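This report goes through selected features of a two-chain model.

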Amino acid sequence: MKARDPRRLPAATWFGLVGALLLAALALVLGQHAAAARGWTGADSWLSAAVAALDDPAPSALVLACGIAAALLGLWLLVAACLPARRSHARATGRSDLWIAPRAIEALAADAAERAPGVLHGSGEVRRRRLRVEALLSPGTEAGVAGIVDRVGDRLSGLADLEVSVQAKEASR
Amino acid sequence: MRRLAVDRPAVIMLGLLLVVLGGAVLEWRFDFFGGWDRLETDRIADAVGADWFAWAAAGAALVLAVLAVWWLLARIPRGVEGRVPLAADGADRIEVDVRSIVPKLRADFERAAPVDHVTGRRRRTGSGQLIELRANVDPRADGASLLRAAESLTDSVAEAFPDGEVAVRLLIDPPRRPGARKTPRVH
């Protein structure tokens, strides 16, 4: 059986934690009502107080704020529950089961660019199938962008099939 | 954390509940549909004050508390059984404990490839197991050496388990320290 692609945890997993805490809070309110109604505690029931407040013509500012917060949190939960788990790594070529994180590709590309002659600083950014390398060139160097592209391409050969673009900027003196 | 199949539907239900609750409060304040005037608060207060409601609330609280605790605890990762039966002819039954292989593979991968901080975990795939090695790449690494190391590791596992009971997967993460790619200063 083939294993699934490596993925991050879906957002629904984290919101499952929030949901469990919400359920626990609801259990606490109901339990407190039962304890107060049976006379196990001397305190007044929170649920009865909330029901009594329903007779008011308008909710208090606190209740209104809580209501708006509940509606927003509910919408957030609905959106998060439908989001798919994102891929965490991309598959490398070859017959081995090797997967690379985009951030790792960026680190390798940045290092490769910095080793090109005349480059002071390099950084990489992976967006979908494109790798964008930004290089800061030392002033007065004649180093070409093609050299940086070659070096980055050599370094990443076989790891990822990305379209490499280089943006070079000359540092001011 | 483990992902649970119940997470998505349960989060959707809770989200709907919260949206309805928030909508009811907004309706109470701004009176969009006039529904709040038709609400018979006396009957709700009578029901909540009734004798049976306290017992019902106690029961519901117990059930919800058990559900909440289960929902929290079910996502704690479980250990994977280490033994995997190997295909054998005759009456013999041979099992291999995959837990004993993982440290060796970790050490091999760390030595052969330009990576560090290799961690290993196992997951079940059908009748066999997949060993997932995760490592932080050295930024000075090149693709060819990573591929070569990965292929030699995959080949050695495939040679040891020709029927594919145990397979290895390699996940390469970014360097642990972003500053580590600077050339070390020599004093």
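F32(B) has a relative accessibility of 54%, so the residue counts as exposed. F33(B) is also placed in the exposed class, because its relative accessibility is 69%. The model is a predicted one, and the values in this report are computed from it.

F32(B) and F33(B) belong to one aromatic cluster, together with F30(B).

## Aromatic pairs

Over all chains, a search of the whole structure gives five aromatic pairs. One of them joins F15(A) and W76(A): the ring centres are 5.2 Å apart and the planes stand at 70°, so the arrangement is edge-to-face. The cut-off behind this label is an angle over 60 degrees between the planes, with centres within 6.5 Å for a pair to be counted. This pair links distant parts of chain A, since F15(A) sits in helix 1 (residues 11-38) and W76(A) in helix 3 (residues 61-82), 61 residues apart.

W76(A), with a relative accessible area of 54%, is exposed. The rings of F32(B) and F33(B) make a pair with centres 6.3 Å apart; their planes are at 65°, so this pair is edge-to-face.

## Helix packing between the chains

Helix 1 of chain A meets helix 4 (residues 51-73) of chain B, and their axes come within 7 Å and cross at roughly 155°. Helix 1 of chain A is therefore roughly antiparallel to helix 4 of chain B, as angles over 145 degrees fall in that class. The crossing of these helices, helix 1 of chain A and helix 4 of chain B, is left-handed.

What classes of residue make up the contact of helix 1 of chain A with helix 4 of chain B? The contact has 22 nonpolar residues, four polar residues and two charged residues.

## Helix packing within chain B

In chain B, helix 5 (residues 102-112) packs with helix 6 (residues 143-160) at an angle of about 155°, and the axes are 9 Å apart. Helix 5 of chain B and helix 6 of chain B are therefore roughly antiparallel to each other. Their crossing, that of helix 5 of chain B and helix 6 of chain B, is right-handed.

## Domains

Chain A is split into domain 1 (11-82) and domain 2 (91-170). Between the C-alpha centres of domain 1 of chain A and domain 2 of chain A, the distance is 52 Å.

Chain B is likewise divided, into domain 1 (7-73) and domain 2 (83-179). The C-alpha centres of domain 1 of chain B and domain 2 of chain B are 50 Å apart.

## Residues with positive phi

R128(A) is not a glycine, yet its phi is positive, at about 50°. The residue R128(A) is in the loop between strand 3 (119-127) and strand 4 (130-137) of chain A. With 78% relative accessibility, R128(A) counts as exposed.

D31(B) is a residue other than glycine with a positive phi, near 55°. The loop that holds D31(B) runs between helix 1 (7-30) and helix 2 (35-38) of chain B. D31(B) has a relative accessible area of 37% and is therefore partly exposed.

## Two sites in chain A

S157(A) is placed in the loop between helix 5 (145-155) and strand 5 (163-170) of chain A. Its relative accessibility is 36%, so S157(A) counts as partly exposed. How far apart in space are S157(A) and T93(A)? From C-alpha to C-alpha, S157(A) and T93(A) are 9.2 Å apart, and they are 64 residues apart in sequence.

P102(A) is found in helix 4 (residues 102-114) of chain A. P102(A) counts as partly exposed, because its relative accessibility is 33%. P102(A) and H89(A) are separated by 13 residues in sequence and by 6.6 Å in space, C-alpha to C-alpha.

Key: Residues are numbered from 1 along each chain as its sequence is written. Chains are lettered from A and ligands numbered from 1 in the order in which they are written. This is a predicted model: local features need pLDDT of at least 70, side-chain atom pairs count only at pLDDT 80 or more; totals for chains, interfaces and linings use all residues. Side-chain values use heavy atoms; hydrogens and water are left out. Rings of Phe, Tyr and Trp (its six-membered ring) pair if their centres lie within 6.5 Å; planes under 30 degrees apart count as stacked, over 60 as edge-to-face and the rest as tilted. Helices (H or I, at least four residues) and strands (E, at least two) are DSSP runs, numbered from the N terminus. Buried means under 20% relative accessible area, exposed over 50%, partly exposed in between (1.4 Å probe, protein chains only). Axes are lines fitted to C-alpha atoms, for helices over the stretch in contact, and angles run from 0 to 180 degrees between N-to-C directions. Angles under 35 degrees count as roughly parallel, over 145 as roughly antiparallel, 65 to 115 as roughly perpendicular and the rest as oblique. A crossing is left-handed if the near helix is turned anticlockwise from the far one by less than a right angle, and right-handed if clockwise. Ala, Val, Leu, Ile, Met, Phe, Trp, Tyr, Cys and Pro count as nonpolar, Asp, Glu, Lys and Arg as charged, and the others, Gly among them, as polar. Domain bounds come from an automatic or database domain assignment.
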